[in-house]
Amino acid sequence: MDFERYLSDFTQAAKESGYIEDEITSLLQYARGLYNKGFPIIYDQEHLSLLVGFDYYHCLLPISNSQAYFYKRYEIPKKNGGIRIIEEPFPALKEMQTWILRNILEPASLRYVSPVAKAFMPGKNLRENARFHRQKQIVVALDLHDFFGSIKSMTVYQLFRDWGYNKSVSMMLTKLCTLRNSLPQGAPTSPMLSNLVFFNLDEKIFKYCKERNIRYTRYADDMTFSGDSFSISHLITYVKMLVGTKSYKLNEEKTKVMRRGCCQKVTGVVVNEKMQVDKSYRDKVRQEVYYCIKYGVSEHMSRLNLPNWIKTPKVYLHHLLGKVNYVLQINPKDSKFLIYRDYLRSLLSLEQK
């Protein structure tokens, strides 16, 4: 957008609508601040409704004031046997959140997400996160307890205010992105917001680590540190103190100190020498594929204690293919898993006929 042309067109339209000179100057000063930072210009809540494509009084305002009625809540099993609560927004709210993600949060991420953040960013994944910690004498893994739940509405509101949005717009954006005073697990905006909110802490931790020759990356709520010689106790005390200033807590039960002589894993990826998914995980996937070949998919499924959401061979094959692709994401040249991938794809193509 050519802002000078925008300035001229806006001034003319505003005068025709009865705005006085001081009002026009104030609005354009507000608009220029957002434009200079690369953010879309949003003057008020009704203007936001036009941009996202939903009626203000019949859709945007009711949804923002009663968010809990516009989410579907369900549970999925965790790898460790626990339960993860997912709150998925209904289509209209999800479309609004996707607009906010694409037009505000993603542009903001170019400036306000630290390079140490490896989750939810284009071109970054578990492999990218793990590769920084290969062949180190010490690897320390810390976990942030209830990461999304610890990011409160006021923190999100302040983020939009700091970027230049007025109180009214910031409040509406915050309501559309939060649920019961925190980030909902399931909203498309939550992952990027978590990276943006954590920016200052990431930068402070990175500075501390750089001064001590420690490598630091963060994959969502998983913080990883590695090096050849540093004080582990001082590091953990510093991180615990720093994140505590922003109401985050470390899940001390998940704190791991891994030295060179043992299996060092970073978000499930072994980093002692070459990067590889844990052997026990790979062996289990190999076994599942083997039994699919030996007994057939349906017969093999009948022998398993599968979660309720896996009810058909097609769903199970997609689930198993996801496990194979995960291994290949970490080690793309694993010849056996390349064969498994081709086999599962062929079975899926038959299922779709």
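Visitor: What do the angles between helix axes run from and to, and between which directions are they taken?

Guide: Axes are lines fitted to C-alpha atoms, and angles run from 0 to 180 degrees between N-to-C directions. Bear in mind that this is a predicted model.

Visitor: How are two packed helices described?

Guide: Two packed helices are described by the angle between their axes and by the distance between those axes. Take helix α7 (residues 153-163) and helix α8 (residues 167-177): they pack at about 135°, and their axes are 9 Å apart.

Visitor: Which word describes how α7 and α8 lie to each other, and why?

Guide: Angles over 145 degrees count as roughly antiparallel and 65 to 115 as roughly perpendicular. At about 135°, α7 and α8 are therefore oblique to each other. The crossing of α7 past α8 is right-handed.

Visitor: Which residues of α7 and α8 meet?

Guide: From α7 come S153, V156, Y157, F160 and R161, and they meet K167, S170, M171, L173 and T174 of α8. Sorted by class, this contact of α7 with α8 has five nonpolar, three polar and two charged residues.

Visitor: What is the volume of the second largest pocket, and how many residues line it?

Guide: The volume of the second largest pocket is about 460 Å³. Its lining has 19 residues, and those nearest the centre are T155, L159, V197, N200 and K246. By class, the lining of this pocket holds 10 nonpolar, five polar and four charged residues.

Visitor: α10 was named there. At what angle do α10 and α11 cross?

Guide: The axes of α10 and helix α11 (residues 232-244) cross at roughly 160° and come within 11 Å. That angle makes α10 roughly antiparallel to α11. α10 passes α11 in a right-handed crossing. On the α10 side the contact uses L201, K204, I205, Y208 and C209, and on the α11 side H234, L235, Y238, L242 and V243. Eight residues of this contact of α10 with α11 are nonpolar, one is polar and one is charged.

Visitor: Is the crossing of α14 past α15 left-handed or right-handed?

Guide: α14 passes α15 in a left-handed crossing. Helix α14 (residues 313-330) and helix α15 (residues 335-351) have axes that come within 10 Å and cross at roughly 155°. The two helices are therefore roughly antiparallel to each other. Among the contact residues are L317, L321, V324 and L328 of α14, together with L338, L344, L348 and E351 of α15. The contact of α14 with α15 divides into 13 nonpolar, two polar and four charged residues.

Terms used:
Residues are numbered from 1 along each chain as its sequence is written. This is a predicted model: local features need pLDDT of at least 70, side-chain atom pairs count only at pLDDT 80 or more; totals for chains, interfaces and linings use all residues. Side-chain values use heavy atoms; hydrogens and water are left out. Helices (H or I, at least four residues) and strands (E, at least two) are DSSP runs, numbered from the N terminus. Angles under 35 degrees count as roughly parallel, over 145 as roughly antiparallel, 65 to 115 as roughly perpendicular and the rest as oblique. A crossing is left-handed if the near helix is turned anticlockwise from the far one by less than a right angle, and right-handed if clockwise. Contact means heavy atoms within 4.5 Å. Ala, Val, Leu, Ile, Met, Phe, Trp, Tyr, Cys and Pro count as nonpolar, Asp, Glu, Lys and Arg as charged, and the others, Gly among them, as polar. On a 1 Å grid over the protein atoms alone, a cavity is a set of points where a 1.4 Å probe fits but cannot get out, and a pocket is an open set with protein on both sides within 12 Å along at least five of seven lines; lining residues have an atom within 4 Å of a point. Grid points are joined across faces, edges and corners, and a volume is the space filled by probe spheres set on the points.
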